[in-house]
Amino acid sequence: MDFYKVNVNGNEIQVADYPGEKGPILAIHGLTGTHKNMHHYAEKLKGDYRFIAVDLRGRGNSSGTDADTSIFRHAEDMIGLIQELKLDNPILLGYSMGAFISAIVASRLKTVQALILLDGAAKSSEHQRGIIQPSLGRLSRHFDSKEHYAEEIKKIYANLGIEWTDVLQDTAEYEVGPAGGHWENKADESRIIADFESFYAFDPAAVGKDIECPTLLVYAEGNIGSMPPLFHLEDYKETQASIQNIKTVVSDCNHYTMVFEQRDDIQIALDAFLKER
């Protein structure tokens, strides 16, 4: 795997680039994640496909976001990245917020070969706000070390039904850095909230009607600990109705175990979808 930064319109995007004979697949993580959230998909698809996972701006090792950050700004970054890397006919794999971004990119870039939406690009409501916003306070907290941060994340994830692993330990530790005698998340809470608020400006019907490539939607129907699923299947009605060539697969995972666990059912669905390409 090559780990490098790409300058896109004056900003640096951190890239984890796994070689493969086919491809490329551009993988885009969720709201507070980094490229490491796509670990299990990278491990399964690399070799067969060139698998490129990114840190969106404001996360990981990438440059900070603009003051008016949004999923639409991130989509512009990803279009620029595709152009800088000269990715011909890319397949987009987006998780959660990354699915919103991927859908926008696919609606604007007709060279996208295929689109995979992992529980995102839905119609948002107050339901998502009630689940997501309470967890964002960790972004502005101070921690004694990266290990201290990981311990706190471990407690949060336990409530979400996620089993802690060495992969998650590594993922959590990558999210933080030293700052003025303490450690804190590399993301700015106010900018993350701005990105989240932009979900509500996403119009599934308007975006979907401009998506011409084959699309796979994977819906996570499982409860998130004691909470219901992040999205309800009905939240995807406009997405499903507006994208002409879309297939929907339902998984019993929850929104978070979809990426934090190795999901064989999802991989089987991805393999079948990619084989058709």
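## The largest pocket

In this predicted model, the lining of the largest pocket is made up of 15 nonpolar, eight polar and two charged residues. The pocket holds about 390 Å³ of space, and among its 25 lining residues those nearest the centre are Thr32, Ser135, Arg138, Leu160 and Tyr256. Two or more lining residues are given by each of α4 (126–132) and α5 (146–159), and α4 supplies the largest share, with three residues.

Three cavities of 30 Å³ or more are present in the structure, and the largest cavity contains about 40 Å³ of space. The lining of this largest cavity is formed by Lys36, Asn37, His39, His40, Val167, Leu168, Thr171, Val259 and Phe260, which divide into four nonpolar, four polar and one charged.

At least two residues of that lining come from each of α1 (39–45), α6 (166–174) and α10 (257–260), with α6 giving the most, three residues.

In soluble globular proteins, nonpolar side chains tend to be buried together. Here the largest nonpolar core has 94 residues, and the members that touch the most others are Tyr41, Phe51, Met78, Leu81, Leu93, Val105 and Met258. Helix α3 (residues 97–108) contributes eight residues to this core, the most of any element.

Val105, one of those members that touch the most others, is in contact with Ala75, Met78, Ile79, Ile82, Leu92 and Val112 when its neighbours within four places in sequence are left aside.

How values were computed. Residues numbered from 1 in each chain as written. Predicted model: local features only at pLDDT ≥ 70, side-chain atom pairs only at ≥ 80, totals over all residues. Heavy atoms only, no water. Core = buried A, V, L, I, M, F, W, Y, C linked by side-chain atoms within 4.5 Å. Buried < 20%, exposed > 50% of the residue type's maximum accessible area, 1.4 Å probe, protein only. Helix = DSSP H or I, 4+ residues; strand = E, 2+ residues; numbered from the N terminus. Contact = heavy atoms within 4.5 Å. 1 Å grid on protein atoms, 1.4 Å probe; cavity = no way out; pocket = protein on both sides within 12 Å on 5 of 7 lines; lining within 4 Å. Points joined across faces, edges and corners; volume = space filled by probe spheres on them. Nonpolar A, V, L, I, M, F, W, Y, C, P; charged D, E, K, R; others polar.
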